[in-house]
Amino acid sequence: MEATDHEYDPSGFDEGDGFRNLDITNDCDSVPVFGGRNCYQSWGKPNPATATEMGYLKNILSHEHYSVLEHSSATFYVTGVSRNLTHELIRHRHLSYSELSQRYVDMENARIVIPPALRQEHGGEVMGPLPWGAVRDYEATVRRLMAQGLKRKQAREAARYILPGGTETRIVVTGNMRAWRDSIYKRFNVSADAEIREFGGSLLTQLKEIAPGCFQDMDNTEPFGGK
Ligand SMILES: Cc1cc2nc3c(=O)[nH]c(=O)nc-3n(C[C@H](O)[C@H](O)[C@H](O)COP(=O)(O)OP(=O)(O)OC[C@H]3O[C@@H](n4cnc5c(N)ncnc54)[C@H](O)[C@@H]3O)c2cc1C
């Protein structure tokens with residue numbers, strides 16, 4: 001069969017203040033159930049408690065047989081989050097990442113993420129323009145270094161040191177259901193930073209829609225660690 005080439009269509013992916021589900025690799029509940037049933041070749045369903053996918057996965061979760069959850073994965077295109085957030089997110093070693101490069105991408109028009117504690121004084125906004133001083137210093141540094149003979153990429157990679165940690169970034173993140181569960185438990189948690197906690201809650205809400213069985217024991221209404 002002849003391979004077909006597709007031009008990249010950026011529509012719908014160049015703007016946004018939140019995150020969206022970019023891709024789901026496979027049926028996120030069915031494949032773990034298939035993997036689990038394969039272990040004992042238990043294709044018959046004599047027990048009503050485990051006959052459904054929800055019931056089967058409830059039993060899997062109660063036995064902490066988490067490896068079967070590794071058979072399905074989801075990818076998110078995350079926008080409208082800060083570099084502070086992704087600095088913490090990328091510590092989770094079982095997720096995979098592709099993040100916007102501040103060396104290649106011009107940051108003059110970047111936005112800043114307003115953390116939850118400061119939103120009220122910003123009229124409820126979650127994003128705003130970068131502080132004027134940071135933009136001015138960034139632009140001036142790029143121009144000065146290029147005038148000194150540095151290439152644009154080299155000038156940007158030095159000038160980015162001026163940018164605040166709240167600068168918006170964009171990241172594509174892929175993980176299997178087990179890895180998502182573990183990361184969300186740690187980040188949608190009362191001990192976690194407010195922005196990543198909020199992010200973890202949104203993520204859990206989306207994952208509960210994608211894989212209701214795999215996340216049935218995780219409540220998305222209250223952060224973990226509170227009780
Ligand atoms: C509230 C909070 C505060 C934090 N504060 C800080 C801080 O001040 N400074 C700081 O540096 N970090 C901090 N962290 C990050 C934290 O230390 C972890 O790096 C991060 O939460 C990733 O979790 P993890 O290491 O458990 O596992 P992940 O990388 O998410 O891996 C999941 C699990 O896989 C297993 N695993 C993965 N890799 C290995 C390995 N090499 N060897 C053995 N087992 C492995 C472990 O069981 C691990 O729990 C903080 C995290 C949280 C949630």
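User: How many disulfides does the structure hold?
Analyst: The structure holds zero disulfides, a disulfide being a pair of cysteine sulfur atoms within 2.5 Å. This is a predicted model, in which local features need pLDDT of at least 70, side-chain atom pairs count only at pLDDT 80 or more, and totals for chains, interfaces and linings use all residues. Residues are numbered from 1 along each chain as its sequence is written, and side-chain values use heavy atoms, without hydrogens and water.

User: Is Cys28 buried or exposed?
Analyst: Cys28 is buried, at 2% relative accessibility; buried means under 20% relative accessible area, exposed over 50%, and partly exposed in between (1.4 Å probe, protein chains only).

User: Turning to cavities, which residues line the largest cavity?
Analyst: Leu89, Trp180, Ser183, Ile184, Arg187, Ile196, Phe199, Gly200 and Leu203 line the largest cavity. On a 1 Å grid over the protein atoms alone, a cavity is a set of points where a 1.4 Å probe fits but cannot get out, a pocket is an open set with protein on both sides within 12 Å along at least five of seven lines, and lining residues have an atom within 4 Å of a point.

User: And which residues are closest to the centre of the largest pocket?
Analyst: Met107, Asn109, Ala110, Glu168 and Arg170 are the closest, out of eleven lining residues.
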